[in-house]
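Reader: I am new to reading protein models. Could you show me how to go from one residue to the whole chain?

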Amino acid sequence: MPLYKTITVDDSTNILIWKIEESFETLSEGIKLTDHCQNRVDNMKSDMHRRGFMSVRHLLAVFGYKDHDLYYDDFGKPHLKDGNQISITHSYEYAAVIISDKLVGIDIEKQREKILRIAHKFVDSEQDFVNQQEDKTRVLTVIWGAKESLYKLYGTAGLSFEQNIHIMPFDLNMPFTAGSIHHNEAISHYDITFLEFDGFTCVYALPYVLV
């Protein structure tokens with residue numbers, strides 16, 4: 001079983017990362033999907049997406065959940081029927097799930113130079129910081145992953161990566177930063193953690209807790 005990494009964030013928050021090496025047929029063995037999820041898989045044209053979807057179901061099983069324990073709201077955000085919070089991501093040959101009793105968001109991105117061409121679509125307050133960085137591809141991948149994680153955590157339509165979600169400056173050698181969401185005249189703050197492996201960046205977010 002290619003369980004790539006297990007991360008214990010705190011007493012109630014855990015992350016599992018899967019390296020997708022199996023075929024779709026192999027990943028489908030022993031997994032029973034809801035009608036909704038079966039329909040989603042059947043309509044996926046990309047084999048990689050289908051394999052990513054099924055690998056997430058194996059990660060759920062490691063946590064002790066079945067596909068039937070999961071449902072999606074109108075925004076497309078996943079929820080667990082027992083009330084725990086969940087966030088899901090997959091990118092190319094990696095998939096990850098984070099489960100907690102707190103709001104959470106997670107994202108995995110492949111580090112690609114094309115992000116330099118689209119940075120203007122999601123970078124605003126972070127621009128001066130980005131301009132000062134030597135490895136802009138890695139830095140922008142962290143920023144994108146952080147904003148994607150916060151977008152998933154917040155689960156509200158209409159958020160702009162550029163205007164509503166902001167990431168504080170960080171050091172690539174110190175895998176922690178902070179982010180905030182500015183929405184409907186309210187500001188909420190979050191802790192951001194990132195890790196890099198095999199040319200990928202995984203970022204996850206949790207609400208900031210004042211200690």
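**From one residue to the whole chain**

Author: Start with Lys66. Its relative accessibility is 61%, so Lys66 counts as exposed. The cut-off for that word is over 50%. Keep in mind that this is a predicted model.

Reader: Where in the chain is the place of Lys66?

Author: Look in the loop between helix H3 (47-63) and strand S3 (70-72). Lys66 and Arg112 are 46 residues apart in sequence. In space, C-alpha to C-alpha, they are 34 Å apart.

Reader: How far apart in space are Asp74 and Thr156?

Author: Their C-alpha atoms are 9.9 Å apart. In sequence, 82 residues separate Asp74 and Thr156. Read both numbers for every pair you pick.

Reader: Is Asp74 buried or exposed?

Author: Asp74 is exposed, with a relative accessible area of 87%. Its place is in the loop between S3 and strand S4 (78-80).

Reader: Let me try Glu21. Where does Glu21 lie?

Author: Glu21 lies in the loop between strand S2 (13-19) and helix H1 (24-28). At 55% relative accessibility, Glu21 is exposed. Next, take a distance again. Met44 is 23 residues from Glu21 along the chain, and their C-alpha atoms are separated by 18 Å.

Reader: Which residues is Glu21 in contact with, leaving aside its neighbours within four places in sequence?

Author: Pro2 and Arg51.

Reader: What about backbone angles? What is the phi of Asn184?

Author: It is about 50 degrees, a positive value, although Asn184 is not a glycine. Glu185 also has a positive phi, of about 65 degrees, and is not a glycine either.

Reader: Where are Asn184 and Glu185 found?

Author: Asn184 is found in the loop between strand S9 (176-183) and S10. Glu185 is in the loop between S9 and S10 too. Check accessibility as before. Asn184 has 67%, so it counts as exposed. Glu185 has 89%, so it is exposed as well.

Reader: Now the rings. How many aromatic pairs are there?

Author: The count is eleven. Take Tyr4 and Phe197. Their ring centres are 5.2 Å apart, with 40 degrees between the planes. That pair is tilted.

Reader: Why does the pair tie together parts that are apart in sequence?

Author: Tyr4 lies in strand S1 (residues 3-10), while Phe197 lies in strand S10 (residues 186-197), so the pair joins parts 193 residues apart in sequence.

Reader: What is the geometry of the Phe122 and Trp144 pair?

Author: This pair is edge-to-face. The centres of Phe122 and Trp144 are 5.0 Å apart, and 75 degrees lie between the planes. The pair links distant parts of the chain, 22 residues apart. Phe122 sits in the loop between helix H4 (115-118) and helix H5 (127-131). Trp144 is in helix H6 (residues 136-154).

Reader: How do Phe122 and Trp144 score on accessibility?

Author: Phe122 has a relative accessible area of 0% and is buried. Trp144 has 24% and counts as partly exposed.

Reader: Which residues do ring pairs link into a cluster?

Author: Tyr4, Tyr92, Tyr94, Phe197 and Phe200.

Reader: Time to zoom out. How many helices and strands does the protein chain have?

Author: Six helices and eleven strands. Then judge how the chain packs. Its radius of gyration is 17 Å, close to the 17 Å from the globule rule for 211 residues, so the chain is as compact as a globular protein of that length. The C-alpha trace spans about 50 × 35 × 30 Å along its principal axes.

Reader: What share of the residues count as buried?

Author: Of the 211 residues, 47%. The accessible surface of the chain is about 10,900 Å². Carbon and sulfur atoms own 48% of that surface.

Reader: What share of the contacts with a separation of 6 or more comes from residues 24 or more positions apart?

Author: They account for 52% of those contacts.

Reader: And the charges? How far apart are the mean positions of the positive and negative charges?

Author: They are 5 Å apart, for 21 positive and 31 negative charges.

How values were computed. Residues numbered from 1 in each chain as written. Predicted model: local features only at pLDDT ≥ 70, side-chain atom pairs only at ≥ 80, totals over all residues. Heavy atoms only, no water. Helix = DSSP H or I, 4+ residues; strand = E, 2+ residues; numbered from the N terminus. Rg over C-alpha atoms; globule rule 2.2 N^0.38 Å. Buried < 20%, exposed > 50% of the residue type's maximum accessible area, 1.4 Å probe, protein only. Contact = heavy atoms within 4.5 Å. Areas by Shrake-Rupley, 256 points an atom, 1.4 Å probe, with all protein chains shown as cover. Lys, Arg positive; Asp, Glu negative; His and termini not counted. Charge placed at Lys NZ, Arg CZ, Asp CG, Glu CD. Phe/Tyr/Trp six-rings, centres within 6.5 Å; stacked < 30°, edge-to-face > 60°.
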